[in-house]
Amino acid sequence: MDLENFTPGSGRLEPRAALRSDAPTLDLNGEWRFRLSPVADVPADFADPGYDDSSWDDLPVPSHWQLHGHGAPAYTNVSYPFPVDPPRVPDENPTGDYRRAFDLPDGWTGGRLRFEGVESFARVWLNGHELGFSTGSRLPVEFDAGPWLRPGRNVVAVRVHQWSAASYLEDQDMWWLPGIFRDVTLTRSTADVFVHTSYRDGRGTISFDGSFDGRGLLSVPELGVTDLRPGVEASVDAEPWSAETPRLYDAVVTLPEETVRLRVGFRTISIEDGVLLANGRPLLFKGVNRHEFHPEHGRAVPYETMRADVLLMKRHNVNAVRTSHYPPHPDFLDLCDELGLWVIDECDLETHGFTKVGWRGNPTDDPRFAEACLDRMRRTVERDKNHPSVIMWSLGNEAGVGRNLAAMADWARERDPSRPLHYEGDWSCASTDVYSRMYAEHAEVEAIGRGVEDPLDDPDLDARRRKMPFLQCEYAHAMGNGPGGLAEYQELFERYPRLAGGFVWEWIDHGLAHPSLEYAYGGDYGEPVHDSNFVIDGLIFPDRTPSPGLLDLKKVFEPVRFTFGDGVAQVSNHYGFRDLSHLRFHAVVEAEGVQVAEFDLDVPVAGGEVKLPDLPPGEGERWLTVRAVLAADEPWGPAGHEVAWGQTVLSSSEGPAVPVRTAAPVARSGEIALGGGTFHPRTGRLTGLFGLDVEGPRLELWRAPIDNDRFGGLASRWRALGLHRLTHRVDEVELGDELVVRTRVAPADTDLGMRATYRWSAAGDALDLTVDVEPEGDWTEPVPRIGVVMSLPAAIGDVTWFGRGPGEAYPDTGMAARVGRWSATVEDLQTPYVYPQENGHRADVRWADLTAADGTGIRVTGAPVFGLTARRWTTADLERAAHRPDLVPGDRLHVNLDLAQQGVGTASCGPGTLPKYVLEAGQATLRLRFSPV
Ligand code: IPT
């Protein structure tokens, strides 16, 4: 059968550019008739125009049939969900038959049936005649419809098989989602055009060629280019295109049969002395990897959603996209041209599952797959060659090493010498122009930056690679809580000219909307082979709400940086291609988080030192915050949009008040009373505080493991130690000037433990608590956290704090969190990670008011600061939950007051927590004051 054939297709027309043409085009999207069969081998009688499909269902095109009630999606990362035995596929091969009729407008002759994307194998008939078949899910294909079109009613029939030999080339880390998931048209456009532009030393050049025997003419009216002939180069006085300044010019190519309109940009990508340059200037990727994803529509992403992605990226200081791991919908690249993003356009090729069989039989090194591999590269380059935003071609992802990759590279280099080639899977870089890696640790990135990386065995290849710019095509795995280590990577990327930056993995959580689970991930549809929540590793949640990771990334990617000296602010321009004239600078002074002054700063367009006005003196802790905002609307963001900010402390508070003991603890009728609190006489724990029913605090070392703890192995080592099942033994409750409670906190089955001593004293109603922690035994692992946990009545639901906010922050994250006064409900303090895990920690809290609706409650003050988490469920509940609906509010509010936490790192895929963010077990002291609000 063809579907187990290595040939990529039959009956197809030569690939050509995606073009906007005035040639008539019929939109064949919409409702089609649809039938799903469980196997491939069903009669194809439905292709007959007279076939009765009245018993079939309706299915929208574009879409995936599994997201419309036919079968269920399946997720695997590396694994093939079928036996590895190319080119054979399972008998169970979901097969979707599609039909639709359309009326041909009067006078219409000829045309091509064009499919922008069908996953995975499509056979196409028009009026009962088989036009051919196609593979290459995320690539367009055209068939000549002309001979079979007839006046009036025509019937297109398509049979789509989920599995084919081509599936071995499409093992990307994502849901397997078959169907006609991109647009279908009948077009009379036949033209192919390749416009070549460059920009150097203040001038541009433009020329073009194509499929039209020298009969086309190109004009760019705005540049005075009129009727340029193919193959002739014009020199023009053009402004350059860059992601920061995406200047486009309208071009028209007039051909005998049609007129084509393009938007051209002038730019040159080059590599000089091992540095990647755009228009002669260093190009630093502040990038993300983008899969196409929508929680309801899968990879059939609506235009408005593509646009929302680009806007969100631009507004978060992202300047580059790698189209992991296939060419996106062509409209997405138009948006990148228009709004400005550097793009690495990746071929639809991944054979990752062969790693599980030692790369035996890897298709990229199997000559029988040679034609299919080259076909994919050709269709990628031909479709997208006219986009100024596309500045590199990528051969694919995780496809091992092989001859077919070399052939793809050779072809691409010859066809388009203007763009460097990227591929990560072969570290020898034999076929590429840049050295690319994924998830390399900071230390290795630094060695590469300095040019002192370990040599390759082959001296020629080694010498060649040493001259290449370096990029991380994937780094900072954004799975769950994290990624940590972003700032440290950025610091390296900016320090060494050889480092061209990188692309965070990845843009969006691929959580599919689910009626009871909220968002589904691998295994939720009963897949026998799956990779659970590894598909939930994005910077934005499935509904496209930015996660704390994206907010941190925005901060780390800021194109403007502030440092502060005595009475001055130093503003530096980190744009590569523009000055600061489009920004306005505004400053506020806050005392204890309350604004006391504001003013504008007059910053030179090149950046530089700015004198600050005399700032008002004042009480308490005062901070200066300077913000750079858009002075006027940009196409991607409104005036006032914040691009960057900086903060400096002007004066610290006097420091925590020395506790003045006003009373000693007294034992009375079954309890101990001290200040505004009552304590249990045996456990020494609070039972009441300012009239509220309170339990705790007691030492807590555990956190609900985050994905980075789990997949990196730390969580299982923590569990082996028993940190999730600590026991608390009270050794002594001592009443003197203060209440002293001596305890030993330890898990069963080990001699490791912590001595925890709680000292309580009263100052009026207020209670001061000092917790001293002293480890015992040989602690060889870091600990998740050191702090205390207590519970309060559920009526407490609002939190106002002075500290870092408004979002969560952990030792190696939270760059987006600034010092101020913030308020949130307990519900809003939770970060909605699709897979529940530790979240919502607010850092460097000076004080926090935890209050009920009537305004009464408890103030907790740190000496000097603490970390705050408040939830309506326990840590154990959070740990047990597999989806957000598993988290059910209980009848208590659980509050963690932390001295410290272990960093989050990115060990779910990549390096763990950097040494400076590791929380070692050690002597520690936490000081807190509780007072009534
Ligand atoms: C890397 C893949 O390229 C990417 O698609 C994704 O699967 C990522 O891992 C993990 O989320 S490959 C990995 C073996 C480093």
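Here are some notes on a predicted model, covering one arginine, a few backbone features and a pair of helices.

1. **Arginine 322 and its setting.**

2. **Polar partners of arginine 322.** Two polar contacts of this side chain deserve a look in your viewer. One joins the side chain of arginine 322 to that of asparagine 397, at 2.9 Å. Another links the side chains of arginine 322 and glutamate 474, with a distance of 2.9 Å.

3. If neighbours within four places in sequence are set aside, the residues in contact with arginine 322 include Val288, Asn289 and Arg290, along with Ile344 and Glu346. Also among them are Gly396, His422, Cys473, Phe503 and Trp505. Asn397 and Glu474 are on that list as well.

4. **Cis peptide bonds.** As background, most peptide bonds are trans. Here, the bond from valine 61 to proline 62 is cis, with omega near 5°, and proline 62 sits in the loop between β5 (57-61) and β6 (74-76). The bond from glutamate 119 to serine 120 is also cis, with omega near 5°; serine 120 belongs to the loop between β9 (118-119) and β10 (121-126).

5. **Positive phi values.** Most residues other than glycine have a negative phi. Asparagine 317 has a positive phi, near 65°, and is found in the loop between α1 (303-315) and β28. With a relative accessible area of 9%, below the 20% cut-off, asparagine 317 is therefore buried. Phenylalanine 690 has a positive phi too, near 50°, and lies in the loop between β47 (686-689) and β48 (692-700).

6. **Helices α5 and α7.** How do these two helices run relative to each other? The axes of α5 (residues 442-450) and α7 (residues 486-495) come within 10 Å and cross at roughly 5°. Angles under 35 degrees count as roughly parallel, so α5 and α7 are roughly parallel to each other. On the α5 side, the contact is made by His442, Val445 and Glu446; α7 brings Glu488, Tyr489, Leu492, Phe493 and Arg495. By type, the residues of this contact are four nonpolar, one polar and three charged.

Definitions and conventions:
Residues numbered from 1 in each chain as written. Predicted model: local features only at pLDDT ≥ 70, side-chain atom pairs only at ≥ 80, totals over all residues. Heavy atoms only, no water. Polar contact = N/O pair within 3.5 Å; in protein donor to acceptor, adjacent residues only side chain to side chain. Contact = heavy atoms within 4.5 Å. Helix = DSSP H or I, 4+ residues; strand = E, 2+ residues; numbered from the N terminus. Buried < 20%, exposed > 50% of the residue type's maximum accessible area, 1.4 Å probe, protein only. Axes fitted to C-alpha atoms, helices over the stretch in contact; angles between N-to-C directions. Parallel < 35°, antiparallel > 145°, perpendicular 65-115°, else oblique. Nonpolar A, V, L, I, M, F, W, Y, C, P; charged D, E, K, R; others polar.
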